[in-house]
Amino acid sequence: IIELLKRVFEGTEITADSSQENVADWDSMHQLSIAFEIESEFGLSLEPEELAGLKSVKDIVNFVQSKK
């Protein structure tokens, strides 16, 4: 997941504690890019309300794990 987010946020340090609150570029456009990467990488589809709930690395990890 961290590598996926590093692709989305090129040049930004991403850690397990990264979230919308501490990554300045984490805006709605990047949120759509995150959705695209999750769908491509894991073959998962996201509903709009699911995407809205993905606000941190931990949220994304929990989402992917819940869909496996």
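Is Gln31 counted as buried or exposed, and at what relative accessibility? At 8% relative accessibility, Gln31 counts as buried, where buried means under 20% relative accessible area, exposed over 50% and partly exposed in between, with a 1.4 Å probe and protein chains only. The legends below describe a predicted model, in which local features need pLDDT of at least 70, side-chain atom pairs count only at pLDDT 80 or more, and totals for chains, interfaces and linings use all residues. Residues are numbered from 1 along each chain as its sequence is written, and side-chain values use heavy atoms, with hydrogens and water left out.

**View 1. The protein chain as a whole, with its elements in the order α-α-α-α from the N terminus.** The protein chain holds four helices and zero strands; helices (H or I, at least four residues) and strands (E, at least two) are DSSP runs, numbered from the N terminus. The C-alpha trace spans about 30 × 20 × 20 Å along its principal axes. The radius of gyration of the protein chain is 11 Å, which agrees with the value near 11 Å for a compact globule with 68 residues; this radius is taken over C-alpha atoms, and the globule rule is 2.2 Å times the number of residues to the power 0.38. Of the 68 residues, 34% are buried. Among contacts (heavy atoms within 4.5 Å) between residues at least 6 apart in sequence, 48% join residues at least 24 apart.

**View 2. The largest nonpolar core, which has 18 residues.** A nonpolar core is a set of buried Ala, Val, Leu, Ile, Met, Phe, Trp, Tyr and Cys residues joined through side-chain atoms within 4.5 Å. Leu5, Phe9, Ile34, Ile38 and Ile60 touch the most other members of this core. Helices α1 (2-8), α2 (28-42) and α4 (57-67) each supply at least two of its residues, and the largest share, four residues, comes from α4. Leaving aside neighbours within four places in sequence, Ile60 is in contact with Ile1, Leu5, Trp26, Ile34, Ile38 and Leu54.

**View 3. Trp26 and Gln31, whose side chains are joined by a polar contact of 2.5 Å.** A polar contact is a pair of N or O atoms within 3.5 Å; within protein, one must be able to donate a hydrogen and the other to accept it, and residues adjacent in sequence count only if both atoms are side-chain atoms. Trp26 is placed in the loop between α1 and α2 and, at 6% relative accessibility, counts as buried, while Gln31 lies in helix α2. Not counting residues up to four places away in sequence, Trp26 touches several residues, including Phe9, Ser18, Ser19, Lys55, Ser56 and Val57. With neighbours within four places in sequence likewise left aside, Gln31 is in contact with Gln20, Trp26, Leu51 and Leu54. The C-alpha atoms of Trp26 and Glu39, 13 residues apart along the chain, are separated by 18 Å.

**View 4. The two sides of helix α4, with Val57, Ile60, Phe63 and Val64 as its buried residues.** These residues cover an arc of only 130° around the axis, which puts them on the same side of α4; the arc is that of the directions from the helix axis to the C-beta atoms. On the other side of α4, Lys58, Gln65 and Ser66 are exposed. The cover over the buried residues of α4 includes α1, α2 and α3 (48-52).
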